[in-house]
Amino acid sequence: MVEEQIDNMINEYDQNLQMNGLNLQLYLQYLGQTVADFREQCRPTAERRVKTELLLDAIATAEGIEVSQEDIDAEYEKVADQYQANLETVKGAVPVDAIVSDIKSRRAADIIFTTGVPTEPVEEEPEEEAPAAEEEAPAEEAETPAE
């Protein structure tokens, strides 16, 4: 699932670049990166997205969230309006299961927001904080002699 999410993220990124006259290969070449490097940069975000998707799907299932044909039609119209596209074009481009999944996820998230109990933020993993602390240390040392 994570690899599939990484593929989706890279495809989206490439499409955004193409809308600006670039492509992923050229962009990565400019940065001096490989596709493998870029995939690894995407991995933490992809993992969070997959975990979120699994959580929302479990909530939707546990809560018995259903999506009617009217809900699907309304969502297609909303997407068509948002992108100023023909409704039939949107229906051909966006699979019904993606629409249903999106609606269920939003409804599950609404349940979390309306019934959840606020808690203190959880601190990030020390591995992610360690490089930032190391980067700050030399700057502090450089400032100390100047004082």
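**Exercise 1.** List the elements of the protein chain from the N terminus on.

Solution. The elements run α-α-α-α-α-α-α. That comes to seven helices and zero strands. Helices (H or I, at least four residues) and strands (E, at least two) are DSSP runs, numbered from the N terminus. The model is predicted: local features need pLDDT of at least 70, side-chain atom pairs count only at pLDDT 80 or more, and totals for chains, interfaces and linings use all residues. Residues are numbered from 1 along each chain as its sequence is written, and side-chain values use heavy atoms, with hydrogens and water left out.

**Exercise 2.** Check the span of helix H6 against its number of residues.

Solution. The expected span is 1.5 Å times one less than the number of residues. Helix H6 (residues 96–115) has 20 residues, so it should span 28 Å. The end C-alpha atoms of H6 are 29 Å apart, which agrees.

**Exercise 3.** Find the buried residues of H6 and what they pack against.

Solution. Buried means under 20% relative accessible area, exposed over 50%, partly exposed in between (1.4 Å probe, protein chains only). The buried residues of H6 are Ile99, Val100, Ile103, Ser105, Ala108 and Ala109. Their packing partners are helix H3 (35–62) and helix H4 (69–83), where contact means heavy atoms within 4.5 Å.

**Exercise 4.** Is Ile112 buried or partly exposed?

Solution. Ile112 is found in helix H6. Its relative accessibility is 34%, so Ile112 counts as partly exposed.

**Exercise 5.** What share of the protein chain is buried?

Solution. The protein chain has 147 residues, and buried residues make up 21% of them.
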